[in-house]
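Please follow the chains through their helices, strands and loops, with the sequence and the coordinates at hand.

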Amino acid sequence: MAELRSNAPGGNGETRAVCLQGVSKSFGFRNVLSDVSLEIRPGTCLAVYGHNGAGKSTLARIVSTQWAPSSGSGEVLGHSIGPGNREIRAASGWVGDQSFLRTELNLEENLLFFSSLYGAVDAEHSRSLLEKFGLYTRRKDPVSTYSQGMIKRANLIRSLLHHPELWILDEPFGGLDQEGQALLKEFIRDYASRGRTVLLVTHNREIGEELASASIEIQNGFIVDEAGLDGGGVT
Amino acid sequence: MSGPALFFALIRWDFLRELRRKEIVLNMSLFAVLMLTIAQLGTSGDSVAMKNVGPVFFWMAIVFTGTVGLGQSFAAEREGGRLTGIQLAPIDLGVFYLAKVAATWVYMMLMSIALLGVYMLFFNFMRWDLMPSLLCAIGVFTLGYSGVGIVLSSMTTALRGGGEIVLRILILPLMVPVLLLTLMVSQATFGEQVAGGILGPPLALWKYALTVLSLDAIYLTTGYLVFPKIIEE
């Protein structure tokens, strides 16, 4: 279920997982994101399309509180966006190009480290994720010995340790093999079906159309196209 | 997770990392020993020169090797976006700063103890009675040094090439007051007045400790407040 608006104020009293109003981001004189307004209902998997440098990762970073918008306002899971918002951070999981993993530790230690940061140490949940992503038998190996695909899987596990309400995935399929991609797709579908929200940044329309119930396309920082259907799927 | 629990958990993870990588303490210690070796060779045989400038070389070794350790300690946090991982966790980044300072302080103390052993050998300094006061001076000095250093390295390690040069340029002026006080207390810590006392009269250890601890408190409080803003920027 998604309601998307470009360049229009949102908010009609209903719960919104993400609500942005006139959000822009610039670096010096260069506008990377321009006047983006967007509403996402819980349970939506929103695909964000765009070419390299279009501004889609910038949007994801603003939603995840990594970056503050240069102008505009918004809420994520009922909390104001902006750096330092711990409520948003506690309730969202991020997967990007960097894994955040500590290469001198093994995967089990890494997961324990991140679980403790989130106050969500749950050995059973960690074990379950390790098994599902096929890394349980390698959990004692130093992360420095992992392949790129394994690091990607480990990164996905890390992002899910604290049961986030909002899962932000920035090009998550890169580096994954066929099996890993199928697994991730299954996870995304399952996640959204349980009423949680997924923000899927991808340049691959085929994957987006397969998974997302709504989509936007960003070009040169502007939302130029949007699609969302109540019954799921994408036009 | 409560502040103190998070603080100790972060220190524990830092120690585990250092235990596995063995780079910060080892690098600092080797660099410091090299400096003292050169100093010893330069003053060899001249007992007056050794007594006068020995403590200066000792503190120089701590200051310069400290910048190496600080740079490495924080650069490790930038590898693979680790710092962004910390930033995205729902924790007080000020506590992360304090934990990083505490861990770095321990590394600097370990390096200083190793350095002290070498200093005793090279400079024939067998004054065991002065060890408590010397360790006290090292402790309060390196605490403030770590506090200032972590704030500065959080900014400079983002620069091209790791920013070690910029770190050195920035940290030394900030540490000059403490460094001068540390040289003035050398009568109490080394049993010798440095360079004939041109810096001023000898300083009592308790006065030194109180003054430097007050400065440390200012450094650490400022760091606690400023560090999260630097990281979020």
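Helix H5 (residues 93-122) of chain B packs with helix H6 (residues 131-156) of chain B at an angle of about 135°, and their axes are 9 Å apart; helices here are DSSP runs of H or I with at least four residues, strands are runs of E with at least two, and both are numbered from the N terminus. The axes are lines fitted to C-alpha atoms, for helices over the stretch in contact, and angles run from 0 to 180 degrees between N-to-C directions. H5(B) and H6(B) are therefore oblique to each other, in a scheme where angles under 35 degrees are roughly parallel, those over 145 roughly antiparallel, those from 65 to 115 roughly perpendicular, and the rest oblique. The crossing of H5(B) and H6(B) is right-handed, a term used if the near helix is turned clockwise from the far one by less than a right angle, anticlockwise being left-handed.

This is a predicted model, in which local features need pLDDT of at least 70 and side-chain atom pairs count only at pLDDT 80 or more, while totals for chains, interfaces and linings use all residues. Residues are numbered from 1 along each chain as its sequence is written, and chains are lettered from A and ligands numbered from 1 in the order in which they are written.

On the H5(B) side, the residues that meet H6(B) include Tyr97(B), Val101(B), Trp105(B) and Met108(B), and their partners in H6(B) include Ile138(B), Leu143(B), Tyr145(B) and Ile150(B); residues are in contact if their C-beta atoms, placed from the backbone, lie within 7 Å. By class, the contact of H5(B) with H6(B) has 9 nonpolar, 7 polar and 1 charged residues, where Ala, Val, Leu, Ile, Met, Phe, Trp, Tyr, Cys and Pro count as nonpolar, Asp, Glu, Lys and Arg as charged, and the others, Gly among them, as polar.

The contact of H3(B) with H7(B) has 8 nonpolar, 3 polar and 2 charged residues.

In chain A, an open sheet of 6 strands is arranged in the order E7-E8-E9-E4-E10-E11, with mixed pairing; strands pair if DSSP finds at least two bridges between them. Strand E7 (92-95) and strand E11 (222-228) of chain A are the edge strands, each pairing on one side only, and the twist averages 15° from one strand to the next. Strand E10 (residues 214-219) of chain A runs antiparallel to E11(A), to which it is joined by 6 bridges, and Glu217(A) stands opposite Asp225(A) in E11(A).

Helices also lie against these strands. Helix H1 (residues 56-63) of chain A lies across strand E4 (45-49), strand E8 (166-170), strand E9 (197-201) and E10 of chain A, and runs at about 150° to E9(A). Helix H5 (residues 148-160) of chain A packs on the sheet, where it touches E7 and E8 of chain A, and its direction makes about 165° with that of E7(A).

Strand E2 (residues 18-27) and strand E3 (residues 30-40) of chain A pair in the antiparallel sense over 7 bridges, with Lys25(A) opposite Leu33(A) in E3(A). E2(A) and E3(A) form a hairpin with 2 residues between them, and Gly28(A) in the turn has a positive phi of about 65°.

Most residues other than glycine have a negative phi. Thr65(A), however, is not a glycine and has a positive phi of about 75°; Thr65(A) is placed in the loop between H1 and strand E5 (71-76) of chain A. With 25 C-beta neighbours inside 10 Å, Thr65(A) counts as buried, the cut-offs being 20 or more other C-beta atoms within 10 Å for buried, 12 or fewer for exposed, and partly exposed in between, with C-beta atoms placed from the backbone. His163(A), in the loop between H5 and E8 of chain A, also has a positive phi, near 50°, but His163(A) is exposed, with 12 other C-beta atoms within 10 Å.

The contact between the chains takes 21 residues from chain A and 19 residues from chain B. Helix H2 (86-91) and helix H3 (107-117) of chain A each supply at least two residues of the side of chain A that touches chain B. Tyr118(A), in the loop between H3 and helix H4 (123-132) of chain A, is buried, with 21 C-beta neighbours inside 10 Å. Leaving aside neighbours within four places in sequence, Tyr118(A) is in contact with Ala90(A), Leu161(A), His162(A), Ala89(B) and Pro90(B).

Note on methods. Contact = placed C-beta atoms within 7 Å.
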